[in-house]
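Here is a short tour of one protein model. Keep the sequence and the 3D view open as you read.

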Amino acid sequence: MPYQIFNGVYESFGDVEGSFDFFSADLYMGKAIERIDAAVAGVPPHNTYLFAPVAAALYAEKGKLSVLDFGGGPGITYLALKDILPSTEGLTYHTLDNPQVCALGRSRLKRESALVFHDTMDTLDEQYDLIHFGSMLQYVEDLDGLLAALSAKNAKHILVSDAMVGTGRTFVTQADYYGNKHPFCFYSLSDMQSHFSRVGYSLKMKAPFVPTIRGFVKFYDMSNLPEDCRVNHTLHLLFTRA
């Protein structure tokens, strides 16, 4: 049976019924707890992002690295990076997420001195070497506004993991996370590049990514949407300041 979680094609987030409350609800938090506790217990974090090797290469170049992981969860991506580095000396890793997720990360990873949690942008550092967006730009209504604010951090590189990019046109749909309906944005590649170009970044790498869904390596069934609104994989995108 097709696994379809997307429904409808809309012009804006305001046209879609639903909310993002599930990001602090019991189901989402329970899954986050399972992943973080498994990692703490010694199970290597399963992460198919390119973030860890990209960040490790930048760290090796200078022997230090300052990271902002925007929407970075309770620290799983940090653990994936730590797992491949010889040391975290010279590494500062800041993750920004909602207060409940940050509280979880602080409680489970309180011994990780390189890891700092923020539940508001007001407490972020003034500058970072690398900004990471992992599977989250699809939830941002004002992408231009967010990129304008973060471009002030003067990061040389911005890595977007699992970007919902590649459709024939940019549109908003309604997504379903275990019964939790919410707005969800897909982008054409040219539109995504334009957003980053407006704040001084150009595309330097794009790599296809197919997630594991219900135990299978495949993307969601989008056959219920118009043909120019479908993709069969997402992209990892690396942007560099001109």
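## Helices H1 and H4

Helix H1 (residues 26-40) packs against helix H4 (residues 99-108) at an angle of about 20 degrees, and their axes lie 11 Å apart. H1 is therefore roughly parallel to H4. Angles under 35 degrees count as roughly parallel, those over 145 as roughly antiparallel, 65 to 115 as roughly perpendicular, and the rest as oblique. Axes are lines fitted to C-alpha atoms, for helices over the stretch in contact, and angles run from 0 to 180 degrees between N-to-C directions. Helices (H or I, at least four residues) and strands (E, at least two) are DSSP runs, numbered from the N terminus.

The crossing of H1 and H4 is right-handed. A crossing is right-handed if the near helix is turned clockwise from the far one by less than a right angle, and left-handed if anticlockwise. H1 brings Tyr28, Met29, Ala32, Ile33, Ile36, Asp37 and Val40 to the contact, and H4 brings Gln100, Val101, Leu104 and Arg108. Contact means heavy atoms within 4.5 Å. The residues of this contact divide into eight nonpolar, one polar and two charged. Ala, Val, Leu, Ile, Met, Phe, Trp, Tyr, Cys and Pro count as nonpolar; Asp, Glu, Lys and Arg count as charged; the others, Gly among them, count as polar.

## How the model was read

This is a predicted model: local features need pLDDT of at least 70, side-chain atom pairs count only at pLDDT 80 or more, and totals for chains, interfaces and linings use all residues. Residues are numbered from 1 along each chain as its sequence is written, and side-chain values use heavy atoms, with hydrogens and water left out.

## Helices H5 and H6

H5 and helix H6 (residues 189-197) pack at an angle of about 40 degrees, with axes 9 Å apart. The crossing of H5 and H6 is right-handed. Leu143, Asp144 and Leu147 of H5 meet Met192, His195 and Phe196 of H6. The residues of this contact divide into four nonpolar, one polar and one charged.

## Residues in strands

Thr240 is found in strand S12 (residues 234-241). Thr240 counts as buried, at 10% relative accessibility. Buried means under 20% relative accessible area, exposed over 50%, and partly exposed in between (1.4 Å probe, protein chains only). The side chains of Thr240 and His157 are joined by a polar contact of 3.1 Å. A polar contact is a pair of N or O atoms within 3.5 Å; within protein, one must be able to donate a hydrogen and the other to accept it, and residues adjacent in sequence count only if both atoms are side-chain atoms.

His118 sits in strand S4 (residues 115-118). His118 is buried, at 5% relative accessibility. Leaving aside neighbours within four places in sequence, His118 has contacts that include His94, Asp97, Cys102, Arg106 and Tyr128. Asp162 belongs to strand S6 (residues 157-163). Asp162 is buried too, with a relative accessible area of 9%. Asp162 is not a glycine, yet has a positive phi of about 55 degrees.

## Residues in loops

Ser135 lies in the loop between strand S5 (130-134) and helix H5 (143-151). Ser135 has a positive phi of about 50 degrees, although it is not a glycine.

Thr88 is in the loop between helix H3 (76-82) and strand S3 (91-96). Is Thr88 buried or partly exposed? At 25% relative accessibility, Thr88 counts as partly exposed. Not counting residues up to four places away in sequence, Thr88 touches Tyr59, Tyr78, Lys82 and Ala114. The C-alpha atoms of Thr88 and Gln4 are separated by 41 Å, with the two residues 84 residues apart along the chain.
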